[in-house]
Amino acid sequence: MPDAPAATGPTPPGRSPGIARIVGASLIGTTIEWYDFFLYGSAAALVFNTLFFPTVDPLVGTLIAFVTYAIGFAARPLGGVVFGHFGDKVGRKKLLVVSLLMMGGATFAMGLLPTYDTIGVGAPILLTVLRLVQGFALGGEWGGAVLIVSEHGGDKRRGFWASWPQAGAPGGNLLATGVLALLAAVQSEEDFTAWGWRIPFLLSGVLVVVGLWIRISVSESPVFLAAKARAEADAARGIKEQPPVVEVFRRSRREVLTAIGTRFGENISYYILTAFLLVYVTSHLDLPKSTALNAVLIASAIHFVTIPAWGALSDRIGRRPVTLIGSAGMALWAFAFFALLDSRSFAVITFAVTVGLLLHGAMYGPQAAFISEMFDTKVRYSGASMGSQLASIVAGAPAPIIAVELLKEYDSAVPVALYLCLAAVVTTLTVAFARETRGRDLTLATTADAPVRSRRRTPAPAGPDRG
């Protein structure tokens, strides 16, 4: 379907006619991309240590595998800057197609890689290069997926609609963990290590074709098209605009820092609750892989269906209160989480992961709308992507590495629990001092002369998007 014609004014409040299709395309696309990204993390915890980084100590091999896992995060801010720049210039839709192709192609290629035993050091080098491509693509995916939904939806239900692409993260993790758990159940350990691990990576090629077919059918954001038309009119009058990335750092530094702080505890908690959990349960507790995989599988299913509920709640009581429920709750749950894991009971471990992911969902569900509402249209893709992906470098990337190193150094989960607690406190303090954004009209600027408008106030007259 061709892009919709440029809008001539603000999007009317309420649900846009194609919002269900937009949400579906964003959800399916983000699910596939997160499937690709998380598949690497699961494989790093389970088999990459022996296949690509063979050492005497399996925990050291796992640590090295997680270093390459973190390298993917290092490419995400660069992806956010590049995709954000072009997404703010040429549109959200085109860049979402590119990100899906890049991510899927890299993941499919991983399934074809020779191992260390076959070509030596070339194997981990190729794996690392493909991981960088994954990270670069994902750096551009998140901003575009949540923005195209946020900008199609109206002010009153933006938290709910924008939370659906967020559900793509547990959806992708659910899919990746489910495929790995199925293979672990029907294959012997030897077969899975020899060739079975390749199957989930090769499946990515099929998933990308499906996602691409759906994603191409959606229309461009009307809010972006209206802002682009105004920018073209300004250019015709000789008014020059700064590149979006320059404009973000010139006028939206506070918003970028707020986005980083908002994501800090959410990012760290997710990778400890999912990726590090696999290491802790299999290496430290010496339990079967299936115990950890099935626990994450069940918890991710509940996580998937509750994220939109948290987004809907943020439409009623605000983005900040819902996020604070999650971050404060996570700070407290950190210690109970590991104590429950040490029970070695599958039911108790599943309960621990489920509660942890429910609290994570309270931070993650409102996040898409919260961060989108912080920035003006002409820099929204760049600002949201940079804030989100810079948080990935300082929070998500080192989280499994720090957790594994703490476990290796102290042979105890207490330091890891403290690390998780402090991360949640950072987000709690950031959000406590942030401005509420619920109900903001995305067609209006947020500069000092045009502050955020709340639904509770008398509506301001519609005006041009000056930012």
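A surface patch here is built from residues with over 30% relative accessible area and no salt bridge; like charges are joined within 9 Å, nonpolar side chains (Val, Leu, Ile, Met, Phe, Trp, Tyr) within 5 Å. A salt bridge is a side-chain nitrogen of Lys or Arg within 4 Å of a carboxyl oxygen of Asp or Glu. Areas follow Shrake-Rupley with a 1.4 Å probe, and for residues only the protein chains shown count as cover.

The model is predicted: local features need pLDDT of at least 70, and side-chain atom pairs count only at pLDDT 80 or more. Residues are numbered from 1 along each chain as its sequence is written.

**Exercise 1.** Find the nonpolar patch that includes Val90.

Step 1. Its members are Leu78, Val82, Phe86 and Val90. Step 2. Together they have about 310 Å² of accessible area. Step 3. Valine 90 sits in helix H3, residues 58–90 (helices are DSSP runs of H or I, at least four residues, numbered from the N terminus).

**Exercise 2.** Is aspartate 286 buried or exposed?

Step 1. Locate aspartate 286: the loop between helix H13 (253–284) and H14. Step 2. Apply the cut-offs: buried is under 20% relative accessible area, exposed over 50%, partly exposed in between (1.4 Å probe, protein chains only). Step 3. Aspartate 286 has 64%, so it is exposed. Step 4. Check its phi: near 60°, positive in a residue other than glycine.

Technical notes. Heavy atoms only, no water. Helix = DSSP H or I, 4+ residues; strand = E, 2+ residues; numbered from the N terminus.
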